[in-house]
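Work through the exercises below with the sequence and the 3D structure at hand, and try each task before reading its solution.

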Amino acid sequence: MRAAACPPCGCNAKCTGIHNGLIAKKFPKSAPPRRVYVMDENFSYPFHMDATNSGEMIPMISEITCPDDKSALCADIMSGLPEWFEEPDGIAACAGLVTGLPVLAHTDSGTRTGFIALKYHPPAAAEIFVIATRREFHGRGIGHSLLKAAEAHARRSGCSLLTVKTLAPRGRHEPHLDSTRAFYGRNGFLKAEIFPTLWAEGHPCLFLVKPLH
Ligand SMILES: CC(C)(COP(=O)(O)OP(=O)(O)OC[C@H]1O[C@@H](n2cnc3c(N)ncnc32)[C@H](O)[C@@H]1OP(=O)(O)O)[C@@H](O)C(=O)NCCC(=O)NCCS
């Protein structure tokens, strides 16, 4: 494993992240920015790579290891999505909890565009604790890429299930929540059960599961 400094804060947290062991190539400096799709050395882990003008290959999805960085990214992205994340206290709580979880971030041209945090339930399940992408980057496949990276992370940890909890339909006009549920459906998640009062009265919880083959 290679150690890497945490890019935004420069801390020296040891990186055991997913950007180790990549098959990376260098492109000539004259080449225009472009994206290529590469796998890790075991051909089991998908990576998008961003070829910048510097000619360096930058992993577009990598694991954040610095707790403060995890927390700041989570709070920053969630705060920009008030339709989904209404309560500042909820965002703060989430930003605190992700510090202890594996967090994968998507970066595009230096901007952290989205993240996913995983909570493991050994031995078989990995739960998506939270996933979010910046509004201006919605609908570009970043959420899908984060899910693929999370699936690979879960598989590597020996899990055979990826799960997530989200708000169930509650008879209101909430197209943003419809689109979140559609996102999971199109990415292979199956509706397992609705828990009407698990979170709170009026906040029914939809539990979704994806078998990892
Ligand atoms: C849910 C969420 C993470 C999805 O992220 P995203 O980056 O927009 O996801 P994708 O771009 O991969 O997919 C979104 C849609 O864009 C479409 N899409 C994917 N790639 C695309 C592309 N290259 N061009 C145009 N559209 C594309 C997909 O068809 C998908 O449609 P669907 O949602 O109806 O299935 C994002 O919408 C979000 O942050 N929502 C708010 C927070 C939230 O709901 N989190 C989950 C809480 S449980």
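The exercises that follow concern a predicted model, and they move from the ligand to one strand beside it.

**Exercise 1.** Find which elements give two or more residues to the shell around the ligand, and which of them gives the most.

*Solution.* Begin with the shell as a whole, in which 20 residues surround the ligand, the closest being Gly141, Gly143, His144, Phe183 and Arg186. Two or more residues each come from β7 (125-133), α3 (142-156), β8 (161-167) and α4 (175-186). Among the elements, α4 gives the most, with five residues. Sorted by class, the shell holds eight nonpolar, 10 polar and two charged residues.

**Exercise 2.** Determine how β7 pairs with β6, and in which sense.

*Solution.* Strand β6 covers residues 111-121 and pairs with β7 in the antiparallel sense, over eight bridges. As one point of reference, Leu118 stands opposite Ile128 in β7. The two strands, β6 and β7, form a hairpin, with three residues between them.

**Exercise 3.** State how many of the residues of β7 are buried.

*Solution.* Counting a residue as buried if 20 or more other C-beta atoms lie within 10 Å of its own, one finds that seven of the nine residues of β7 are buried, and the strand is thus mostly covered.

Conventions. Residues are numbered from 1 along each chain as its sequence is written. This is a predicted model: local features need pLDDT of at least 70, side-chain atom pairs count only at pLDDT 80 or more; totals for chains, interfaces and linings use all residues. A residue is near a molecule or strand if its C-beta atom, placed from the backbone, lies within 6 Å of it. Helices (H or I, at least four residues) and strands (E, at least two) are DSSP runs, numbered from the N terminus. Ala, Val, Leu, Ile, Met, Phe, Trp, Tyr, Cys and Pro count as nonpolar, Asp, Glu, Lys and Arg as charged, and the others, Gly among them, as polar. A residue is buried if 20 or more other C-beta atoms lie within 10 Å of its own, exposed if 12 or fewer, and partly exposed in between; C-beta atoms are placed from the backbone. Two strands pair if DSSP finds at least two bridges between them.
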